[in-house]
Amino acid sequence: MNEIAVKASNLTKTYGDGDTEVHALKEVSFEIPRGDFVVLQGASGSGKTTLLNQIGALEPPTSGEVESNGFHLNGLDDDGRTEYRLKSVGFIFQFYNLVPSLTAYENVALIAELTGGNVRDRTDQVLESVGLGDRKDHFPGQLSGGEQQRVSIARGLVKNPPLMLCDEPTGALDTDTGTQVLSLLREITDSGDRTIVVVTHNSEISRIANRVIDLRDGMIVGTHLNDDPTSPENVAW
Amino acid sequence: MSILGLKRNRDIRRQKWQFVAVLVTVVLGVALFAGMFNAYLNLGSSLESSYNRLVMADMTVTGAEDGFLDTVMGINGVATAIGRRQADVPMEAAGDSLVGRVIGMPGDDQPDINKVDIVDGNYLNPEDNTGVMVEEHMASDFALELGDTFEIAGQTVTVTGIAVSPEYLWPAKDRQTIFTPPGTFGVVFANESMLESLEGPAVQNQILVEYQHGVVVEDVDAKVESAAESANAADIQTLADQPSNSTINEEIGGLQTMAVALPLLFLAAAGMAIYVVITRLVYSQRGVIGTLRASGFRAKTLSRHYRSYGVGVGLVGAAIGAVLGGLMGWGMTAIYTRVFGIPDLVADIHVPTILLALTFGAVAGAIASVPPARTVAAMPPAEAMRGDLPAQGGKRSVFETLIPPLRRAPVRWRMTLRGVGRNKRRSVAMVVGVILSAVMILAAAGSMDTMLTAFDRQFNEVSIEDAQSFFEIPVGDPEVKEVAATPGVMLAEPVIGLGATIRNGSKSYTTLVEGYQQNTNVHGFPSGLPTSGVLLGQAMKDLLDVEVGQRVTIELSDLDTEISVLVQGLVDEPLATLSYMDSSALTDAINKANDAVTAEVLALPSFTSVKAIYDPGASGQLAVDQIRDIDGVAAVVDATELRNLLQQFQLFFYVFIGMGLVFGSAMAFALIFNIISVNVAERVSEFATMRASGLTHRKVASMITGETFLLTTIGIVPGLVFGYWAAVAFMNSFSSDQFPIVAEVRPWTFVLTAVGLLVVAGLSLIPAVGAVKRINVGEVVRERAV
């Protein structure tokens, strides 16, 4: 049996209080084995981004526990959570969130410098791996949406984290570009034991995952495994 | 209120601290303008009211030949003229001896010109020759009250009244002695008949002239001057040149300059702050703007809506500023009239000034909000609805271009460097804000430096003497030796002082010519005192259009003599514009021109005094007391008293300087705070991403800090240059031939200004750094999720 990368137990997240209280997650428990390509899917407001934030230690839970790659997230203070994100998590956002004043190379190197080592080689290598070796000196404003998302993937990968968390990574892209990005993510999982969690409301994307967790109203309403995931080239939306 | 109006008010409430900072800047600018300009107008009105009520002379002619009174009365534009006599004579009051001024007045009623306000007691009694009125400053300096007695030229007189005179609102002895130490000069008004008992060259006949209303003053001045010159007048003084009046007007003129310059700085800063805040608002509301446009709002309507933020803040700030300015104007007028002893206080609210102030505030807001409002009008709705601004093209910073090794610096450093150029308008706004603040701080601090340097030079390099003794007997070697032998006195020298009119062609300047012995120790001459010829005060170069090497004529009216001498040099002295000669050369030249004026005549106490320097560590007061005990000494002026007087004057100045420092710092804080807040607000997603990627909030904050200090430093460099120019211009507005100060800013002041601005920038950063720390990474990610 695969080693567990992420384990959540009775995870609850509540925002506001009194009349404005919103239960974004309700007693959610699950396990994600290392090396899985997981899709968290559900409609808007189902709690999928909140769950991603819990796994990424971007905000603390109201109750329950999360354990990820050897870190017990509940007991961590701000510095501890930062350390966890630095060592264990690569984030990919829908709107890329690249620093517009830095080139593709520099956006990636900014994070590479945090972890030390040979920044130049690692950055070049990871940019090559996402197919941007020849575009590395371009600024975000000079890159297409797909290229910007690939820079953001490279930025997440450069730390070589065991876990990649992707929040609607194709949400701002057309089908062809989105497919390319998904292919890249799939390759990342297939080439090692890195775990990828993708949040989406697009059911087509779930076809490429090993594991699909369905969320509705803050609860997991189903988990199913794909023994034979579809190749990203074969999905369309 | 329209829904858009409600939206505007709520937007402002949501960003209240940024708008408060903008509001404070507008309020300060408008209040300063309304206050200072009202004070300027009110002071002018107060002075004019006092002059009109007391019939201040438009022209004072001294020493004209008989018959001049009739001549001047016949000049077109002259309303009336009167004659009087005045004399500078030894006095003893409250145990002190001094050379005071006695002015003759009709015994039975106030004169038609230069009346006085009786603030205590009564006007003169024609039957009582020993009853006198004492001018208010003298009464205060010598603690004289009604019924007190003192001596004038050996005669005992009684104080029957205390009066305020329009001629001595500022108690200047003459144009060259505008700072008269308390206890060394005083003015007494006495029956004309009393003047008859005073003799000697110190007694002068004067004609006071009053012009008709509505005449062109300069035209009548020219006619009266021409007539006075024909009547061989010793001194001709227009109202503009009258010592007290010109001193007060210099101050009022400086106030006018400040009333325009200072508010302009603040309103420019307020405009930039408004621009930055509204630009940020427009940026953050792109989605809303796109939706409203898609819903049918016209571009003009939305553009007007965003302009209303600027106009609204400008108007509210201007309204508050106008009210505060009105109060400030009233307060400033009251303080200034008290400081200058102006008897009438006119404290009107000048409606045009208030309206102008309101307009300034609203216009500053309106102009500043035009660029963001235009952005709104030009925004494509579809793109705007997507919310985020599409990524703009980036480029390497100018620093990396200029210094290639920086291209290999850590990316965080490069990001900081490029942050400077990311939003050029905002960076320019910040740099300009720092420049404006530096200008204000340096103008204030530079003024203080200039004053301190001027006083330091005056007392340590120019007027080196510690005391000046005036005698009532001729001053010869024995008198000088006796002063020099006084315990505590190191050395003493005789000094000749003569009232003089220096002429070069048609141009003339009335001043003093002082004669010092060669190698004098009591006065500093940087290039030495020439054995022949004259040294002129620097201001005379322009006033007389004279160059070194030219000859000038020196008219000595008290001696009825005129000499022609070569200008050997110009001296740059901070507190007066005088002329200097070697005393032997001066005596020879006068004797050659008029053989009746011998060395013995020049030794008369009206012309020669003794300046002394104390032993190091000696008690000045003790030395002064002992010199006063010397037979024949009429008065002793202790230089420390003049220093004290100037320090009091400086205190008044320091208040303004302090205001400049506080306001300049507040302006810098408000502007930098706003720009950094906007910077952080705009980049929340970027910072959240970095935090999500593992950067600590300290590292993120250090980038903002680096950018802020870099921009502040970029602003400081030109700010110090412009600030120096502003300090020079500001001090020049106060400089005159009476007070020919040269602007000087000490190196340390530049350093302290730069450090001060960096500290202000650091303080402005505190809320922004807090905001970075408070970024809720999860919330940012969640709110941006579909």
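The model is predicted.

**The contact between the chains**

Where chain A meets chain B, 36 residues of chain A are in contact with 30 residues of chain B. Three elements of chain A each give two or more residues to the side that touches chain B, namely helix H1 (48-55), helix H2 (78-88) and helix H3 (104-115). Of these, H3(A) gives the most, with 6 residues. The table sorts the residues on the side of chain A that touches chain B by class.

| Class, side of chain A that touches chain B | Number of residues |
|---|---|
| Nonpolar | 15 residues |
| Polar | 13 residues |

**Chain B**

Chain B contains 24 helices and 19 strands. Of the 786 residues in chain B, 50% are buried. Among the contacts in chain B between residues at least 6 apart in sequence, 85% join residues that are at least 24 apart.

**The sheet in chain A**

In chain A, 4 strands form an open sheet with antiparallel pairing, and their order is E2-E1-E4-E5. The edges of this sheet are strand E2 (22-33) and strand E5 (71-72) of chain A, each of which pairs on one side only. How many bridges join strand E1 of chain A to E2(A)? There are 8 bridges between strand E1 (residues 4-15) of chain A and E2(A), and the two strands run antiparallel. A:Ile4 has A:Pro33 as its bridge partner in E2(A).

Technical notes
Residues numbered from 1 in each chain as written. Chains lettered and ligands numbered in written order. Predicted model: local features only at pLDDT ≥ 70, side-chain atom pairs only at ≥ 80, totals over all residues. Contact = placed C-beta atoms within 7 Å. Nonpolar A, V, L, I, M, F, W, Y, C, P; charged D, E, K, R; others polar. Buried ≥ 20, exposed ≤ 12 C-beta atoms within 10 Å, placed from the backbone. Pairing = 2+ DSSP bridges.
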